[in-house]
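Here's a quick briefing to read with the model open beside you.

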Amino acid sequence: MNILNKQPKVSSLIKKAFLNQKLVHAYLFSGEAGVGKKEMAFWMSKRFFCLEQYNNEPCNQCGNCKRIDSMNHPDLHFIEPDGQSIKIDQIRMLQKEFQYKGVESEKKCYIIQHVDKMTVQAANSLLKFLEEPNGQSLAILLTENRHRMLDTILSRVQVYQFQPLKEKELLDSYLTLGLDDDTAFLLSKSMTSFTSGQALLEDNWFQQAKTLLFQTLDEFIQDPYEATITIQTEWPALFSDKGKQQMSVRLLTIWFQQVVNASLNREIGIKNENSLLKRYQERINVVQGTDVLNELIYSKGKLRSNTHYLLVLEHISKVLKECLNNEKTKCMF
């Protein structure tokens with residue numbers, strides 16, 4: 001998705017500043033990972049250097065635009081942490097570069113990724129740099145942790161807060177990580193934060209959760225007794241804390257929302273488990289699926305009120321077996 005569409009509010013403000021020739025010399029883009037801060041920074045740098053702007057946007061065809069795309073523009077400097085931090089020598093080198101005129105014009109631009117990871121010395125050095133901008137310079141600072149920034153730096157920059165991604169945008173962002181369709185879909189439905197979703201991918205935990213989910217759902221169709229054993233033994237081991245236990249119920253909720261949507265001929269996001277989805281459609285009608293969803297909402301509430309996870313799983317197992325056997329479900333613990 002085009003960055004101008006991904007962050008329309010910030011895009012509008014930046015385009016307006018260019019149009020009215022009211023750029024300030026330093027900006028801070030704040031927001032979680034994946035919301036487009038870096039993309040916007042490079043769009044802004046292209047608009048700053050572009051030789052053939054059209055409709056207040058960079059042309060993407062001139063030499064400057066192409067060299068920025070290839071990270072090869074002599075007057076654009078990109079800085080990111082060296083190891084765990086941005087060090088004072090990196091800022092000093094930047095300051096030295098800015099003592100000279102631009103190679104091809106009076107303009108110079110620098111982008112600092114994870115600016116909150118500067119050492120104290122580097123932050124103080126950058127502060128002096130921000131206080132005394134050289135010529136036609138543009139600074140774009142990027143952070144996921146605005147609260148870690150020095151107040152003295154924040155007071156010298158124009159701060160733009162980037163909004164969290166919408167569900168479809170989250171899905172596209174997860175797909176760019178190389179995830180399979182179902183993993184990306186389940187993550188986008190489960191999390192409102194790209195950063196939080198990435199954290200769940202660490203140590204392959206979310207992939208294991210997805211595998212166990214579909215294994216258990218398949219067992220409920222083929223052998224409910226085996227499914228009950230799985231959900232009572234393997235689920236507590238994998239969903240080992242309160243957050244993960246809530247996630248387990250959320251994943252089941254997403255699945256049964258897909259079952260209901262498929263029965264109503266609505267769009268579905270599950271791509272790789274179509275055969276399993278069809279088997280559930282054959283066994284569960286829309287009314288039954290809605291009943292299961294209500295029971296899962298009830299189960300999430302019981303978890304929040306500190307009901308033991310095993311009791312919640314026992315109830316969910318009972319609900320699914322009764323539903324698949326077309327028995328009347330009772331919402332009781």
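Exposed here is over 50% relative accessible area, buried is under 20%, and partly exposed is in between (1.4 Å probe, protein chains only). This is a predicted model, where local features need pLDDT of at least 70 and side-chain atom pairs count only at pLDDT 80 or more, while totals for chains, interfaces and linings use all residues. Residues are numbered from 1 along each chain as its sequence is written, and side-chain values use heavy atoms, leaving out hydrogens and water.

**Helix H14, the buried side**
- Leu276, Leu277 and Tyr280 are the buried residues of H14 (residues 274-283).
- Looking down the axis of H14, its buried residues fall within an arc of 100 degrees, so they line one face of the helix; the arc is taken from the directions from the helix axis to the C-beta atoms.
- Among what covers them are helix H11 (205-222), helix H13 (242-263) and helix H16 (309-324), with contact meaning heavy atoms within 4.5 Å.
- Helices (H or I, at least four residues) and strands (E, at least two) are DSSP runs, numbered from the N terminus.

**The sheet**
- The open sheet has 5 strands, ordered E2-E3-E4-E1-E5, with parallel pairing; two strands pair if DSSP finds at least two bridges between them.
- Strand E2 (76-79) and strand E5 (158-161) are at the edges with a single partner strand each, so one side of each has no neighbour in the sheet.
- Strand E3 (residues 107-112) pairs with strand E4 (residues 136-143) over 6 bridges, and isoleucine 111 has isoleucine 140 in E4 as its bridge partner.
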